[in-house]
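I opened my notebook for a look through this entry, one residue and one surface at a time. Here is what I looked up, in the order I did it.

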Protein chains: 2
Amino acid sequence: MTTQTQQLRERLAELEDLRLAAGLLNWDQHTMMPPKGGEQRAETLATLEKISHDRFVAAETGRLLDGAAAEQERTGAAADSDDALLVRLVRRRWEKSRRVPTELAADIARAASLGQDAWAVARRERDWEAFVPYLERNLELARRYVACFENFDAPYDALLDDYEPELESAEVARLFGELKDGLVPLIAAVRELDSDRECVFGSFPIEAQRRLVDEVLQRMGFDRAGWRLDETVHPFASGLGRGDVRITTRWDESYLPAGLYGAMHECGHGLYEAGIAPELQRSPLGHPESLGMHESQSRLWENMVGRGRAFCGVLAPRITELFGREVEAEELFRAVNRVVPSFIRVEADEVTYGLHIVLRFELEQLLIEDRLPVRELPDAWNARMHDYLGLEVTDPADGVLQDVHWSAALIGYFPTYALGNMIAGQLWHQVQSEIPDLELQIAAGELGQLRDWLGEKVHRHGSRFRTRELLARVVSGPLEVGPFLRYLETKLSGVYGVAL
Amino acid sequence: MTTQTQQLRERLAELEDLRLAAGLLNWDQHTMMPPKGGEQRAETLATLEKISHDRFVAAETGRLLDGAAAEQERTGAAADSDDALLVRLVRRRWEKSRRVPTELAADIARAASLGQDAWAVARRERDWEAFVPYLERNLELARRYVACFENFDAPYDALLDDYEPELESAEVARLFGELKDGLVPLIAAVRELDSDRECVFGSFPIEAQRRLVDEVLQRMGFDRAGWRLDETVHPFASGLGRGDVRITTRWDESYLPAGLYGAMHECGHGLYEAGIAPELQRSPLGHPESLGMHESQSRLWENMVGRGRAFCGVLAPRITELFGREVEAEELFRAVNRVVPSFIRVEADEVTYGLHIVLRFELEQLLIEDRLPVRELPDAWNARMHDYLGLEVTDPADGVLQDVHWSAALIGYFPTYALGNMIAGQLWHQVQSEIPDLELQIAAGELGQLRDWLGEKVHRHGSRFRTRELLARVVSGPLEVGPFLRYLETKLSGVYGVAL
């Protein structure tokens with residue numbers, strides 16, 4: 001006789017299979033699908049969402065949750081056993097999802113799929129007007145989604161909670177205020193200082209870039225038998241189940257960091273997916289639900305490691321060899337860390353990056369609360385770019401059209417990027433104290449112990465713990481801005497040769 | 001208020017979406033998936049099959065079929081209206097599928113997915129023993145599947161019916177007897193005759209092959225915005241819905257026909273998928289169910305067109321230009337049509353090809369009826385290769401391990417390849433009488449009118465008609481071997497310069 005817990009696990013395993021099927025459909029849409037396939041793809045994704053949602057929110061799921069909980073109480077299962085953590089995680093999701101009508105869930109999936117194709121065309125053709133109806137549709141559906149709930153303080157919180165569970169916008173606003181207060185003086189302090197970036201601009205043949213990236217990813221833990229690397233307009237990572245991790249990057253022949261750091265970033269995400277404990281396969285616990293924690297992994301590998309002084313020492317000689325131009329480690333370190341206010345978030349330096357996120361966080365709240373009409377969004381965007389970064393946006397592709405997220409109905413997602421930076425700062429501080437010779441290892445190109453540390457502390461747990469629980473376990477404290485700001489100060493002091 | 005017919009259509013549309021999702025998962029498994037992804041992929045496919053099967057065989061489907069039929073009778077819908085044809089098609093499938101337990105359907109899907117990965121490794125390593133358990137598993141499941149039915153004369157018929165509805169093995173045996181009787185003397189007649197094949201062997205850089213194939217596919221109707229061409233071990237075509245047709249081929253640097261004719265073959269399949277009437281989108285009517293009819297399209301384009309004298313006149317000068325070696329049209333025509341008994345079915349000439357199929361048809365019946373143990377299969381295979389083609393198989397990769405089908409649980413599928421040749425013979429005969437200057441058009445590289453004719457007569461109908469109904473409409477007769485044999489005689493007379 002199978003127990004209630006076993007039945008619950010089996011039911012959820014099938015839902016994970018459906019989630020992974022949708023994951024492949026999404027990956028394919030961005031990497032392989034011919035353009036005319038978009039219409040059917042949207043229907044397929046809508047149907048998968050409809051069926052998944054229906055099965056998940058069914059009373060049977062609730063009955064199994066109750067049954068499993070009672071059973072676990074009877075048998076005295078530990079509160080931190082995987083079965084208990086599963087019930088805790090899934091009950092919370094179930095309570096939230098069951099308030100959402102299936103048709104609405106399917107409509108959101110369909111609109112997100114159609115929106116992404118429309119966005120890709122609009123961005124390429126720099127045509128904001130063409131994108132307006134898709135964004136309006138996604139916002140309308142997001143507002144209907146928000147209206148399904150009563151237990152959130154602010155409309156935005158219902159959305160944010162899907163990407164960073166249990167975090168509220170008031171707390172984000174507080175953290176972002178602290179972040180902004182730290183970043184603005186840093187930017188001002190280095191504004192007038194000079195730092196040459198020439199060594200990363202020029203002509204970098206894609207084939208040689210691929211070789212460099214290939215070597216770097218191998219060091220990080222990319223496994224040819226279980227991973228793929230492809231090209232996309234907007235890089236992303238997909239965990240399609242154990243043994244199938246797919247990352248993408250964007251090659252730019254004239255700017256070396258785009259492909260290299262895009263790949264390191266996504267490989268950081270991929271290591272999280274690949275590092276989840278085997279016993280969590282086909283379980284919701286095997287699917288990391290905090291995107292802030294996820295982003296901490298990508299940012300740590302991209303910035304703390306990849307843009308760090310030690311790894312620049314590994315990269316520089318290979319760049320010299322592969323591209324036939326002399327690059328010194330220090331020169332590379334200064335080039336890839338120079339603070340330059342710029343239009344495109346994904347190309348921003350680590351310091352100004354945070355302001356790109358604050359801008360989006362503010363605009364998203366206005367949009368979802370219907371306090372900013374979509375048609376006025378470009379002006380609002382451009383005004384903030386002027387205020388925060390001193391830049392005048394003239395092309396929507398460099399402004400409001402640059403990110404895929406709003407087209408994909410991912411509203412409330414952006415804050416997790418800045419949260420990821422903060423968490424990465426905390427983890428980086430911690431790992432340096434636990435592995436004293438980490439810098440030496442990285443300088444030797446050895447990244448295995450760092451990967452293992454992250455695997456042990458973070459990756460293997462999947463979604464067992466909430467962000468604050470995991471932070472308490474790993475860094476013995478709450479989510480904090482301080483370590484990230486101190487990390488930036490130290491780095492910039494090195495880059496610019498001044499005390500900050 | 002929605003009618004019963006509308007409700008039926010909507011229910012079936014969602015099932016089509018699930019079928020297309022599984023189609024993408026399969027395509028990806030053969031083209032993109034990293035090897036370690038196979039285990040999860042099998043689970044995902046099993047879950048999709050489980051859910052699809054459950055939803056399809058549900059009593060609700062039967063209720064809607066009854067309701068739609070009654071409604072159509074009341075409103076006097078024509079028997080050949082799409083709604084009536086839908087009910088007819090789906091009722092038959094429903095009556096068959098509902099006899100199959102959902103768990104069995106899911107087990108078959110899982111085993112098929114695992115089997116394909118195991119086969120790919122076994123074939124590469126020429127390791128028959130490693131493949132035995134997977135084939136035994138697929139046969140065991142196939143026998144359990146067959147045991148679900150009482151209304152078939154022979155066990156094999158239940159399987160064959162999935163690929164060529166309503167055709168029975170007794171009829172296939174009769175047709176294949178006639179085919180064999182026609183092929184054997186043809187092979188004997190040309191055995192001693194000489195024909196040079198040198199011009200298609202040598203060194204053909206893949207990049208130039210891609211350009212040639214690209215040009216040829218463009219002429220056929222390949223649309224970059226709605227199609228993909230990729231590389232696989234075992235070429236196939238996938239219709240993933242309107243606007244998303246994916247074909248594959250296999251490049252061989254030393255043998256030009258492999259990539260070229262593989263691509264033309266699959267493009268023939270692709271044209272069928274792309275040519276289905278838009279109003280049949282997301283309907284089971286939009287999914288061709290006769291694989292014999294499907295194969296007739298691929299074989300017609302590959303052989304009647306691609307290996308025809310007229311098109312060889314188009315190909316030869318481009319081969320000369322692209323590969324820098326002088327090739328005459330007549331020389332190419334003789335080379336790509338030479339009859340040479342060979343080990344590999346997909347590389348066989350048009351004449352010996354039929355015997356490869358007869359061999360498989362006979363062995364499959366023995367296997368499914370448990371009259372041939374899997375362990376004795378290689379000997380049985382090799383003995384027939386000796387008898388039918390005079391060849392001694394020494395490597396299982398050139399023998400029993402060469403095809404993907406049995407690994408993918410596609411037992412009963414092979415006969416449709418030879419049926420496809422027969423039907424192609426009939427269609428070719430017909431189109432020549434309806435388009436008298438067809439050869440001149442092809443010689444000029446103009447393939448549009450042929451494509452339109454096939455589109456009008458065959459493609460647009462999807463699964464509206466059964467094979468015999470469609471043949472009656474298009475060639476005013478039943479399935480026949482004669483036209484194919486006469487086509488071969490004519491061609492071989494030209495190739496060898498003798499009367500046959």
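**Entry 1: a residue to start from**

In which helix of chain A does A:R384 lie? I found A:R384 in helix α15, which covers residues 377-389 of chain A. I kept in mind from here on that this is a predicted model.

Next I listed what A:R384 touches, leaving aside its neighbours within four places in sequence. The contacts are A:L359, A:E362, A:L363, A:L366 and A:L389. I also checked A:V358, which is 26 residues away from A:R384 along the chain. The C-alpha atoms of A:R384 and A:V358 are 9.7 Å apart.

**Entry 2: chain A as a whole**

I stepped back and counted elements: chain A has 20 helices and three strands. Its radius of gyration is 22 Å, close to the 23 Å that the globule rule gives for 500 residues, so chain A is as compact as a globular protein of that length. Along its principal axes, the C-alpha trace of chain A spans about 70 × 50 × 45 Å.

**Entry 3: how the two copies are related**

I then laid chain B on chain A. A turn of 180° with a shift of 0.0 Å along the axis does it, at an RMSD of 0.0 Å. The two copies are thus related as by a two-fold rotation axis. I looked for the C-alpha of chain B nearest that axis, and it belongs to B:A21, 3.6 Å away. Both copies use the same surface, since 100% of the contact residues of chain B recur in chain A.

**Entry 4: the interface**

How much area do chain B and chain A bury between them? I noted about 3,200 Å², with 57% of it on carbon and sulfur atoms. On the chain B side, B:P34, B:K36 and B:Q40 lose the most area to chain A, together 18% of what that side buries. The contact takes 40 residues from chain B and 40 residues from chain A.

I went on to the polar side of the interface. Between chain B and chain A I have 18 residue pairs in polar contact, both residues being at pLDDT 80 or more. I then asked which elements of chain B supply the touching side: α1 (4-31), α2 (38-57) and β1 (227-231) each give at least two residues. By type, the residues of that side divide into 15 nonpolar, nine polar and 16 charged.

**Entry 5: salt bridges**

Side chains of opposite charge can pair when their charged atoms come close. Across the interface of chain B and chain A there are ten salt bridges. One that I looked up joins A:D28 to B:R246, with the closest N and O atoms 2.7 Å apart.

Over all chains the count comes to 102 salt bridges. I picked out B:E289 with B:R93, where the closest N and O atoms are 3.1 Å apart. This pair links distant parts of the chain, 196 residues apart. B:E289 sits in the loop between α10 (256-274) and α11 (291-306) of chain B, while B:R93 is in helix α4 (residues 82-97).

Note on methods:
Residues numbered from 1 in each chain as written. Chains lettered and ligands numbered in written order. Heavy atoms only, no water. Contact = heavy atoms within 4.5 Å. Buried area = accessible area lost by both parts, 1.4 Å probe. Salt bridge = Lys/Arg side-chain N within 4 Å of Asp/Glu carboxyl O. Polar contact = N/O pair within 3.5 Å; in protein donor to acceptor, adjacent residues only side chain to side chain. Helix = DSSP H or I, 4+ residues; strand = E, 2+ residues; numbered from the N terminus. Nonpolar A, V, L, I, M, F, W, Y, C, P; charged D, E, K, R; others polar. Least-squares fit on C-alpha atoms with pLDDT ≥ 70 in both. Rg over C-alpha atoms; globule rule 2.2 N^0.38 Å.
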